[in-house]
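The following exercises are to be worked with the sequence and the three-dimensional structure in view. Each task is followed by a solution in steps.

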Amino acid sequence: MTTNTLLLIDGHSMAFRSFYALAAPNFRTTRGQYTNAIHGFTMTLLRLMKDHRPDHVAVAFDLPGGTFRTREYPQYKAGRSATPVEFSGQIEGIQHVLESLGIKWFSYPDYEADDIVATLSTQACAAGMNVVIASGDRDAFQLVGEHITLMYPKSGTTLIPMDAKAVLEKTGVTPQMYPDMAALVGEDADNIPGVPLWGPKTAAKWLNHYGSLAALLDHCEEISGKAGANLHANVELVRRNRELNALVCDLPLVDDLAELRISGGGPAQVRRVFSEYEFVGLQRRVLSEFPFALSADSSEGISDALDGESGNERDDLTADKEELIAQILTGGQVALAQFLAEHPAPYGLYATGQQRPRKGNVDTVAIAGADKVVFCADRASLSPEDEETLREFLVGDTPKIGHATKGLWHAWHGVGYDLAGMIADIELAAYVLAPSQRDYSLENLASRYLGIELTADESDQLFSLTGNSYQGAAERAAVLHPLYGYCQRALAAIDAVDLASLELVTAQLLAQMEDRGIAVDEAVLESLYETFNVHVEDAQRRAWDAIGDDSVNLSSPKQLQEVLFERLELPKTKKTKSGYTTNAAALGDLLRKIALREDDKSVAGQEFLSALLLHRDAIKLRQSIDGLRRAVESDKRIHTTYQQAVTETGRLSSTDPNLQNIHARTEEGLQVREVFVPGQEFDYLMTADYSQIEMRLMAHFSGDEELIAAFRDGVDLHRYVASRIFNVPPEEVTSQQRSHIKAVSYGLAYGLSAYGLSSQLHISVPEAERLMADYFTRFGRIRDYLHEVVEQARQDGFTATITGRRRYLPELTSMNRMERETAERRALNAPIQGSAADIIKLAMIRVDEAMTQRAMASRMLLQVHDELVFEVVAAEAQELEALVRAEMGNAVELRVPLEVSVGIGRNWRAAAH
């Protein structure tokens with residue numbers, strides 16, 4: 001280490017920078033504690049330690065409440081936005097991390113972190129030390145000098161060094177004069193007003209002219225024009241500002257700077273604290289990189305900890321660089337053949353190139369063996385012999401580890417290879433482990449689980465490939481091995497290894513389905529677009545006629561507010577920042593509210609609102625059809641992309657285009673389904689879906705005997721339940737009673753509240769509450785089950801599906817009532833919706849395997865929630881129907897039978913049953 005260097009960090013400044021640089025949902029413990037600021041701060045600290053090698057370190061924090069500055073100026077820092085609730089507790093977390101590392105942190109009553117930094121930097125300079133300050137507060141500019149460098153944020157958590165010259169270039173004044181400038185121009189972040197018309201350029205010009213603020217104020221009458229008059233009128237404001245921004249440099253913090261040496265802490269404390277925040281990878285990185293002042297026994301403890309936690313992964317991460325470089329293979333026929341033939345499996349497989357359905361291509365390939373050997377190559381540079389060796393490896397059964405393997409399959413399929421042998425998908429494994437995370441990129445997972453940053457400036461953490469242009473690809477292939485090891489242990493700990501395997505096999509099947517796509521009748525598609533376009537124009541004309549004005553933009557909330565609430569004087573909707581809401585739900589409520597009024601403006605309002613809502617629906621349908629038109633590819637088919645790692649319940653989503661939002665219960669949705677047809681060489685489309693799977697799962701989980709009996713007897717479920725609740729024979733149940741009970745049944749499965757039920761059925765909240773109470777009185781076991789689900793989840797912190805898929809709900813113990821109630825509704829919904837998602841995936845795999853075994857020409861094309869869509873050869877129709885019913889019906893064993901409805905037709909609508 002370099003001696004005589006003090007690193008000072010403005011703790012709050014760096015914590016907030018980290019908080020906003022890292023998405024909070026990606027960093028949260030299973031107990032619900034957000035940790036993005038803690039994680040980012042620690043990573044920043046490690047970078048600063050590595051770059052500057054300080055032998056003294058201190059971190060300064062603000063205390064809550066006011067300081068001497070707020071007493072002098074009560075508006076100081078007033079008006080700042082409330083601290084995000086996700087930030088709560090993270091400063092204490094950072095302080096715990098610092099204590100585990102043996103780093104001193106300070107706060108001082110009545111003073112700010114800036115004053116602490118100023119005091120310690122002044123003391124260090126007097127002792128002949130060099131000082132590095134990390135802060136995003138511009139007040140720190142005034143501290144920069146010959147022996148003080150400021151590390152100032154450029155973007156996110158990236159810090160750039162600023163010396164006196166850099167401060168001058170950025171501000172136009174020297175560091176010593178910066179507080180003078182701030183006194184003149186004010187500081188928005190601190191709510192300190194400046195002199196009107198005095199910006200940084202004006203202030204710099206006159207300060208440099210007179211040499212100081214004092215001299216400038218003494219000669220302010222010499223400055224002409226409005227700027228001079230404003231300064232003359234605000235001299236006292238400037239003097240007060242200068243007192244406020246002057247940093248205090250003499251707080252009694254430490255008698256001897258030796259107290260700031262790293263001491264205390266150690267591996268045991270690091271493991272305890274980092275385990276609390278679930279920083280598995282970051283813990284490993286700290287233990288291997290941080291310069292503890294430890295005894296020999298402590299050092300041995302680090303090795304023990306790494307060996308115990310990582311096994312062979314430690315060798316992967318700390319390999320001797322010279323030995324490693326000697327092992328790297330750089331391409332060529334012999335090298336490729338030798339690598340693929342002689343080195344042990346499994347392999348980490350990474351490739352760059354296009355990874356979309358039917359557009360796949362591979363530019364660069366990297367293959368990493370578990371023995372730290374990596375092969376990298378540009379595909380275009382391979383000889384025919386090498387290319388054949390590579391092909392045999394990729395399509396063979398050699399075990400391979402990948403990330404986002406569905407995309408990998410498309411990439412290799414695009415160059416003619418059907419990728420096989422995948423035993424793990426790191427993206428999907430991480431999704432199973434943390435379903436609420438929003439970023440499963442390889443970079444994020446390497447940072448989160450291994451404490452490794454896959455960035456250019458830190459690319460030597462795994463492999464040193466000096467002069468090799470494939471360094472990034474090599475890193476990403478290599479990092480798959482330690483990530484695989486971590487994920488397998490974490491999955492085993494929650495008994496989810498089989499679930500991750502289910503997701504992997506599902507991904508392989510989805511890749512083939514995406515590649516197949518589904519054929520469309522372009523003539524029907526164009527006709528439907530024209531039909532919906534006419535609907536848009538008709539609805540627009542009706543709306544204009546209702547108000548006698550054809551200049552109103554029906555898509556403009558501002559213009560709609562003027563029409564509804566000023567011209568038509570209709571009742572106001574919910575107040576928003578931009579006026580009153582004009583969303584569809586609010587306008588629907590407004591229409592119902594004025595439906596019985598007969599005054600002229602109410603009648604006009606009813607006509608306008610009816611037309612407006614029709615217009616919005618028509619536009620959505622037209623946009624949907626237009627999206628389908630643009631998605632048709634050269635093979636006259638549409639190839640959607642399924643997203644596996646998005647929903648917390650395990651349900652798939654569909655994009656580019658979304659084929660899962662084409663409803664089968666509306667006339668418009670059915671019209672859209674007419675567009676989809678069998679392709680050449682096929683005769684029909686077949687659909688197969690589970691009937692009332694949510695309610696069957698409710699019966700299974702709750703064990704309600706009446707519900708189970710209804711399913712076993714095959715009766716009309718909703719009519720049966722309604723007859724029990726309303727105490728009438730099934731044949732006397734009205735359609736309204738049946739629909740109300742159906743809404744209650746499905747609402748319970750989805751965590752619907754009484755308020756939500758009242759909105760859905762257009763009944764009062766008390767009436768909805770009575771309906772739900774009557775339901776629970778008759779079906780008490782369902783009530784008990786729903787209560788037990790929430791209480792068990794509150795105790796465990798998660799719910800689980802039929803396959804063990806967890807959804808973590810730490811908010812169940814939140815002190816915030818709305819947050820807690822939202823989590824309770826999710827707890828009710830997750831086991832049922834998640835189990836339905838698991839079952840359809842199991843069914844897809846069973847059906848596909850059975851079709852493959854029989855070498856059927858028919859094939860599976862789509863999964864739409866609980867429905868599967870097939871392209872069918874006529875000669876196989878009966879056989880396929882029997883196969884689908886059997887395999888889907890036996891996907892899992894429940895207390896009630898799984899009923900499968902099957903239909904066949906010349907298009908998707910005709911196949912509906």
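**Exercise 1. Describe the surroundings of Tyr-750.**

Step 1. Tyr-750 is partly exposed, with a relative accessible area of 34%; buried means under 20% relative accessible area, exposed over 50%, and partly exposed in between (1.4 Å probe, protein chains only). The model is predicted: local features need pLDDT of at least 70 and side-chain atom pairs count only at pLDDT 80 or more, whereas totals for chains, interfaces and linings use all residues. Residues are numbered from 1 along each chain as its sequence is written, and side-chain values use heavy atoms, with hydrogens and water left out.

Step 2. Locate the residue: Tyr-750 lies in the loop between helix H33 (735-749) and H34. Helices (H or I, at least four residues) and strands (E, at least two) are DSSP runs, numbered from the N terminus.

Step 3. List the contacts, where contact means heavy atoms within 4.5 Å. Leaving aside residues up to four places away in sequence, Tyr-750 touches Arg-651, Glu-694, Arg-825, Asn-829 and Gln-833.

Step 4. Compare sequence with space: Tyr-750 and Ala-830 are 80 residues apart in sequence, and their C-alpha atoms are 8.0 Å apart.

**Exercise 2. Determine how H34 and H35 are oriented to each other.**

Step 1. Two packed helices are described by the angle between their axes and the distance between the axes. Axes are lines fitted to C-alpha atoms, for helices over the stretch in contact, and angles run from 0 to 180 degrees between N-to-C directions.

Step 2. The axes of helix H34 (residues 754-761) and helix H35 (residues 765-778) come within 8 Å and cross at roughly 110 degrees.

Step 3. Angles under 35 degrees count as roughly parallel, over 145 as roughly antiparallel, 65 to 115 as roughly perpendicular and the rest as oblique. H34 and H35 are therefore roughly perpendicular to each other.

Step 4. On the H34 side, the residues that meet H35 are Ala-754, Tyr-755, Leu-757, Ser-758 and Leu-761. Their counterparts in H35 are Val-765, Ala-768, Glu-769, Leu-771 and Met-772.

**Exercise 3. Which residues of the largest nonpolar core touch the most other members?**

Step 1. A nonpolar core is a set of buried Ala, Val, Leu, Ile, Met, Phe, Trp, Tyr and Cys residues joined through side-chain atoms within 4.5 Å.

Step 2. The largest core has 98 residues, and those touching the most other members are Phe-676, Tyr-690, Met-698, Leu-707, Tyr-775, Phe-870 and Met-888. H37 supplies the largest share of this core, 12 residues.

Step 3. A second, separate core of 56 residues includes Ala-113, Val-144, Met-181 and Leu-231.

**Exercise 4. How many residues of H21 are buried?**

Step 1. In helix H21 (residues 442-450), 8 of the 9 residues are buried. These are Leu-442, Asn-444, Leu-445, Ala-446, Ser-447, Arg-448, Tyr-449 and Leu-450.

Step 2. Their packing partners include helix H2 (36-52), strand E7 (347-352) and helix H23 (480-493).

Step 3. After H21 comes Gly-451, whose phi is positive, near 70 degrees.
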